[in-house]
Amino acid sequence: MNKKQLAKAFNFNEQDLFANRDGHLSETQRRRIRQLRNVSLMILGALVILMIVGATQVSTTPSVLIFSLAILLRRLERLIFHHVTLRSDRVTTYFGRIQLKINNRRSGQLRIADADGLRTFQITSNQLLSLHDRDYYKVYVVPKLDTILSVEPVNLNRTDDDAEAYTVDLSALTQEESESEKPKRGTVVLGDDGELSFSRDSST
C-alpha cells in the first residue's frame, strides 16, 4: 500500500495527519477552509445581487427565483459550516473496513463501516486508485461538510487501545450480498481505455 500515493490523492502531509490524529485541523487545512469560506461568501454576494436584479425584471419567472433561492440557501449553509468548522477546530474520525464503488471515470464512493454504522463519501478517481478495497482505514473528516481531510491504513495486528474498536459489525457493508457474491479484497485500476475497474486479490 503506497502511503505517498494516498497522501497525494487526498492532499495531506505528515503534519496534517498528526493534527488530525489529535482531533483538530492543521494550519494548512485551516487556511484551505478559510479560502473555501471566502469563495462561498463571494458566490453568496453575487447570488444576492442577481436575485435582486432578477426580481426587478418582468421576464423573470417565479420558478427561476425559487431555484436561485435554493442555491442561495445551500451556499449560506456551506458558509455557516465553514465558519463553524474554523471555530470548533474539530475533526471526526471514522475507522473500520472500507468498500469502494466506481461511479464513472472521474469519481466513486468510499463507504466505511464503523461502530456507528455505514458512512458514504464521494471521492475522485485518483483517490479511488490510492485505496485498497475491503481493507481497514482511519478516515479523518470535517464534521457537517463530510470532507475527507486525511486517510491512513489500519494495522489489524496492533495491540494498542484502539484495537477492539476495529472489530466492528461489518454487516452494513455486506447485507445486500450473498456469500457467493461477496467480492474479494482488491484495488481499483485504470485501464488503457480510461475506464476504472476492480482488480481482485487471488489470495482472498
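This briefing goes through the confidence, fold, nonpolar core, ring contacts and salt bridges of the structure above.

The model is predicted, and the mean pLDDT of the protein chain is 76, with 70% of its residues reaching 70 or more. The secondary structure of the chain comes to six helices and eight strands, and buried residues make up 36% of its 204 residues.

**Confidence**

- Confidence in the protein chain is highest in helix 2 (residues 14-21), where the mean is 94, and lowest in helix 6 (residues 171-174), where the mean is 48.
- Over residues 159-181 the pLDDT is below 50, although this stretch has 30 contacts in the model beyond near neighbours in sequence.
- Where pLDDT is low, the predicted coordinates should not be read in detail.

**Fold**

- Read along the sequence, the elements of the protein chain follow the pattern α-α-α-α-β-β-β-α-β-β-β-α-β-β.
- Of the contacts in the protein chain between residues at least 6 apart in sequence, 60% join residues at least 24 apart.

**Nonpolar core**

- The largest nonpolar core has 28 residues, and those with the most contacts inside it are F10, L110, L131 and I148.
- At least two residues of this core come from each of helix 1 (3-10), strand 1, strand 2 (107-114), strand 3, strand 5 (136-142) and strand 6 (147-153), and the largest share, five residues, is supplied by strand 5.
- In soluble globular proteins, nonpolar side chains tend to be buried together.
- When neighbours within four places in sequence are left aside, I148 is in contact with F10, L110, F121, I123, V139, Y140 and V141.

**Ring contacts**

- A search of the whole structure finds one aromatic pair, in which the rings of Y94 and F121 have their centres 5.9 Å apart; their planes stand at 45°, so the pair counts as tilted.
- The pair links distant parts of the chain, with Y94 in strand 1 (residues 92-102) and F121 in strand 3 (residues 117-124), 27 residues apart.

**Salt bridges**

- A search of the whole structure finds three salt bridges; in general, side chains of opposite charge can pair when their charged atoms come close.
- The side chains of R21 and E152 meet in a salt bridge at 2.6 Å, N to O; R21 lies in helix 2 and E152 in strand 6, so the pair ties together parts that are 131 residues apart in sequence.
- Within this pair, R21 is partly exposed, with a relative accessible area of 41%, whereas E152 has a relative accessibility of 12%, under the 20% cut-off, and therefore counts as buried.
- R34 and E27 form a salt bridge through their side chains at 3.0 Å, N to O, and R34 is partly exposed, with a relative accessible area of 27%, while E27 also counts as partly exposed, at 46% relative accessibility.
- In the salt bridge between D133 and R134, the closest N and O atoms are 3.8 Å apart, which falls within the 4 Å limit, so the contact counts as a salt bridge.
- D133 is buried, with a relative accessible area of 1%, and R134, at 3% relative accessibility, likewise counts as buried.

Definitions and conventions. Residues numbered from 1 in each chain as written. Predicted model: local features only at pLDDT ≥ 70, side-chain atom pairs only at ≥ 80, totals over all residues. Heavy atoms only, no water. pLDDT = per-residue confidence, 0-100. Helix = DSSP H or I, 4+ residues; strand = E, 2+ residues; numbered from the N terminus. Contact = heavy atoms within 4.5 Å. Phe/Tyr/Trp six-rings, centres within 6.5 Å; stacked < 30°, edge-to-face > 60°. Core = buried A, V, L, I, M, F, W, Y, C linked by side-chain atoms within 4.5 Å. Buried < 20%, exposed > 50% of the residue type's maximum accessible area, 1.4 Å probe, protein only.
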